[in-house]
Amino acid sequence: MPVARPFRAFLRRDDGSATIEAVLWLPVFVYILALSVDASMAFFTHSRVLGVVQDINRSFALGRIETAAAAQTALLDRLAPSYGSEVLVTTTLTDGVIDTTVTVPMSKVLVLGVLPGWAISAISVQAFQYKEI
C-alpha cells in the first residue's frame, strides 16, 4: 500500500528525539527564570527602600525634618506611590539615635508571583542614624 509506506518511514526516524527532552525541561528553565526575576525584584526593592530610609533619616538628623512623625509622613509620601498604602513605617528618636523600620508586603513587590508565599511575606528594612547636635 503506497500510502502506508511514508507513514512507516516516519515512525522509524529519530531526527526529532531531542525535541522531547527540550519540551520536558522547558518548564523547569522557565520557572527558574521567573524565580530569578522575582528574587531580583525583592533585592531591588530592598535596596531602593533602604536608600529612601537613609535619605529621610539624614534629613531628620540634620534638622530639615523636625519630628519623628514628620519623618514617617515623608517616608510614606515617597514609598506609597510605588508600594501602596500597606507600607508600614516606624521612626523613633531615642538617646540621639534615629531608628527607622519600613516593611513592604511581598505582594506589592513580586512581578510574576512564583516566589513561594511561605518563603518571604514582607521585606523589612531598618536603618539607624545619629542625630546631629
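Three strands make up an open sheet in this predicted model, in the order β1-β2-β3 and with antiparallel pairing. Strands here are DSSP runs of E with at least two residues, helices are runs of H or I with at least four, and both are numbered from the N terminus. Two strands count as paired if DSSP finds at least two bridges between them. At the edges are β1 (88-94) and β3 (122-130), each pairing on one side only. From one strand to the next, the twist averages 10°, with axes taken as lines fitted to C-alpha atoms, for helices over the stretch in contact, and angles running from 0 to 180 degrees between N-to-C directions.

Let's walk along the sheet. Seven bridges join β1 to β2 (residues 97-105). Thr90 stands opposite Thr101 in β2, and Thr94 faces Val97 of β2. The two strands form a hairpin with two residues between them, and in that turn Asp95 has a positive phi of about 55°. On the β3 side, β2 is joined by nine bridges, again antiparallel; here Val102 stands opposite Val125.

Next comes a helix. Helix α3 (residues 68-83) lies across β1 and β2, running at about 155° to β1.

Now look at the interior. In soluble globular proteins, nonpolar side chains tend to be buried together. A nonpolar core is a set of buried Ala, Val, Leu, Ile, Met, Phe, Trp, Tyr and Cys residues joined through side-chain atoms within 4.5 Å, where buried means under 20% relative accessible area, exposed over 50% and partly exposed in between (1.4 Å probe, protein chains only). The largest such core has 24 residues, and Val49, Leu75, Leu79, Val87, Val102 and Val104 touch the most other members. Two or more residues come from each of α2 (17-62), α3, β2 and β3, with α2 giving the most, seven residues. Leaving aside neighbours within four places in sequence, Val104 is in contact (heavy atoms within 4.5 Å) with Val49, Tyr83, Val87, Val109, Ala122 and Ile123.

Finally, visit α2, where Trp25 and Phe29 lie four residues apart, about one turn of the helix. Rings of Phe, Tyr and Trp (its six-membered ring) pair if their centres lie within 6.5 Å, and planes under 30 degrees apart count as stacked, over 60 as edge-to-face and the rest as tilted. The count comes to one aromatic pair: Trp25 and Phe29 are tilted, 6.2 Å centre to centre with 35° between the planes. Trp25 counts as exposed because its relative accessibility is 51%, and Phe29 does so at 55%.

Residues are numbered from 1 along each chain as its sequence is written. Because the model is predicted, local features need pLDDT of at least 70 and side-chain atom pairs count only at pLDDT 80 or more, while totals for chains, interfaces and linings use all residues, and side-chain values use heavy atoms, leaving out hydrogens and water.
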